[in-house]
Amino acid sequence: MMRTHTCGELRKSAVGTRVCLCGWADTVRDHGGLIFIDLRDRYGLTQVIFDPADSREAWDVAQSTRGEYVIRIEGVVEARPDNMVNTKLPTGEIEVRSSVIEVLNKSKTPPFPLDDEQAAKVSEDLRLTYRYMDLRRQRMLGNLVLRHKLLQAARNYLDALHFTEVETPILTKSTPEGARDYLVPSRVMPGTFYALPQAPQQYKQLLMVSGLDRYFQVARCFRDEDLRADRQPEFTQIDLEMSFITPEDIYGVIDGLLAAMMKTAGLGELALPIPRMTYADAMSRFGSDKPDLRFGMELTDLSELFKGTQFKVFGGVLEKGGVVKAINAKGLAAVPPRAIDDWTAMVKEAGLGGLAYIRVQDDGAWKSPIVKFFSDAEKAGLQEKLQIQNGDLILFAADKPAVVHVALGRLRLLSGAMAGAIPQNKFAFTWVTDFPLFEKNDEGQLQSMHHPFTAPRPQDLPLLETEPLKVCAQAYDIVLNGVELGGGSIRIHDPDTQASLFKVLGFPPNEIEERFGHLIRAFSFGAPPHGGLAIGADRLVMLLAGCESIRDVIAFPKTQKAMDMLMNAPAKVDARQLRDIHIQSVVAEPEGEKK
RNA sequence: GGGGACAUAGCUCAAUUGGUUAGAGCGCCGCCCUGUCACGGCGGAGGUUGCGGGUUCGAGCCCCGUUGUCCCCGCCA
């Protein structure tokens, strides 16, 4: 028998028992006589003591043991004397007196320290190059275990609600209207390509046509776009779809799912139902379609107040149908000029002409380049609407609503963080509902905001071909702490509505047939009304684990250039492999590397 | 595609205005030490300052380029 116990389970009740433990030498403390080895495995840490009087042979081996050696020990569990109990360890009341030690494997000196406090500062590329070492840390192991437990909880919850997990293909067809696809050349059909799925969207809808009724999948998805702290090129969704439902059914299922996962993470009872707000409200009040509701500092509409104002910048914008809005950055009156400069550059990038502000000094005086243009009534109105107190900083934006919202939404997050207004141990979920069905792309053409199978709200159907931008979708996002966790919609299930939507989007008939013909055909055989949603599993785990990067909850993540530092992927392949799949690279080989 | 930050010992960092032999803590190696748990003490080894070029009497430091990592904008139906 290799081991009788793990390194995390021995307690006082085991005193007197003969045990075998296996694990890694976490630290070796050699006192010349006594030697202490903290033996570590996934489950914890147990102190093992070697006394030359017990076994000189074992003591010799213990003395030559180094950090990260893999060892197996045999010994007897002893209670520690009262004054030597280590209260920092769950196993701190006992130790194992060992007379048998076997080195199962030696280890080179680790490339970086493995204790969580020091490892947190180590450069991430080194951690990724030696990811298997990084994952030995309790923190990282804990993240992987939590991820597993959360997904397990999700599976149990959905199974109890009669959802069936179905695996859908990884080699599938390109869907050019979404993100950039990862392509896989076909060997058998020269010149053709599979694509890796951006989401199992069409398959899960086809499963509804099949009558599966309730589908889910812990699904790997692939999108060839640039990375962020919360975006990886391959990521995992908890993807689900249901038949014969209304949006209320989705809210109910997901509310319960998230509550179950919060509980599993040890984060207590989530108050249900999760609050909802419309997309229009989210944009107007928070300047974002994924509002962070952990703090206030909402956007305040001042358009009424400044109607007919003498201040030409605001007046001019209002005459052209724009809006004037502001946020009160509580307590930031003394923010350095440098910050205002940075923020000004940021809002200009967002399309604003400039950033107007008022510093409300401690003596109550308003220090501002624009206040001299305000009437007494306007000042009084500001005071009242923005609840201005000494020490506040007021930030104004005046332009078209879309520009004002984006600019102030970003300022709200930046200034809120700077003011320390964002509580860190809070979980503020919200649904964002009633998204527009369409948006205009850079070329001014209509495109689906979600995807082209999203159903319009029934009451908006008459507007579909006349005023498409006013049509709201039966689409909803679930948001946590300003992060888009997931989204979904009720789908179009009747071919007529689908056809008229394609028409509005301006898809030519031959293209519709080529790209969506299979789906339309399927829907012509009796598709049930259906809808669903997908949750970004990595993001959810990241937030519930209290991590700042999605990479910390993925076992083997990629760098910002989508490199796998451990495997060194992507990499060149043999010319033979390329020939087989009928691919020729147009990238010039550097001199000296030609074969 | 764009903006920003960083790159010095195995790790984390320091190095005055451009000026002697590039330092510290941790780790590593050796010796000592019988109750430590971040053990302690003494000693030691360890550097092409990411790479390439330039300016200069002289470059870790200034300039240009390049590579890599991270953050953000664009992008992400």
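A pocket is an open set of grid points, on a 1 Å grid over the protein atoms alone, with protein on both sides within 12 Å along at least five of seven lines. The structure discussed here is a predicted model.

**Second largest pocket**

The second largest pocket holds about 1400 Å³ of space. Its lining consists of 41 residues, and those nearest the centre are Lys290, Leu413, Asn481, Gly482 and Val483. By class, the lining of this pocket comprises 19 nonpolar, nine polar and 13 charged residues. At least two lining residues come from each of α8 (279–286), α12 (401–418), β21 (483–490) and α15 (537–545). The most are given by α12, with 10 residues.

**Helix packing**

Two packed helices are described by the angle between their axes and the distance between the axes.

| Pair | Angle | Axis distance |
|---|---|---|
| α6 (201–210) and α14 (509–523) | about 20° | 10 Å |
| α5 (138–160) and α7 (247–264) | roughly 140° | within 9 Å |
| α5 and α15 | about 120° | 10 Å |

Helices α5 and α15 pack at about 120°. The pair is therefore oblique, and its crossing is right-handed. From α5, the contact uses Arg139, Asn143, Leu146, Arg147, Leu150 and Leu151, and from α15 it uses Ala537, Asp538, Val541, Leu544 and Ala545. These divide into seven nonpolar, one polar and three charged residues. Helix α15 also supplies at least two residues of the lining of the second largest pocket.

Helix α5 has a further partner in α7, which it crosses at roughly 140°. Because angles over 145 degrees are needed for roughly antiparallel, α5 counts as oblique to α7. The crossing is right-handed. Lys149, Leu150, Ala153, Ala154, Tyr157 and Leu158 of α5 meet Gly252, Val253, Gly256, Leu257, Ala260, Met261 and Thr264 of α7. The class count for this contact is nine nonpolar, three polar and one charged. Leu150 of α5 takes part in the contact with α7 and also in the contact with α15.

The remaining pair is α6 with α14, at an angle of about 20°. Angles under 35 degrees count as roughly parallel, so α6 is roughly parallel to α14. The crossing of α6 past α14 is left-handed. On the α6 side the contact is made by Gln202, Gln205, Leu206 and Val209, and on the α14 side by Phe516, His518, Leu519, Ala522 and Phe523. Six of the contact residues are nonpolar and three polar, with no charged residues.

How values were computed:
Residues numbered from 1 in each chain as written. Chains lettered and ligands numbered in written order. Predicted model: local features only at pLDDT ≥ 70, side-chain atom pairs only at ≥ 80, totals over all residues. Heavy atoms only, no water. Axes fitted to C-alpha atoms, helices over the stretch in contact; angles between N-to-C directions. Helix = DSSP H or I, 4+ residues; strand = E, 2+ residues; numbered from the N terminus. Parallel < 35°, antiparallel > 145°, perpendicular 65-115°, else oblique. Left-handed = near helix turned anticlockwise from the far one by under 90°. Contact = heavy atoms within 4.5 Å. Nonpolar A, V, L, I, M, F, W, Y, C, P; charged D, E, K, R; others polar. 1 Å grid on protein atoms, 1.4 Å probe; cavity = no way out; pocket = protein on both sides within 12 Å on 5 of 7 lines; lining within 4 Å. Points joined across faces, edges and corners; volume = space filled by probe spheres on them.
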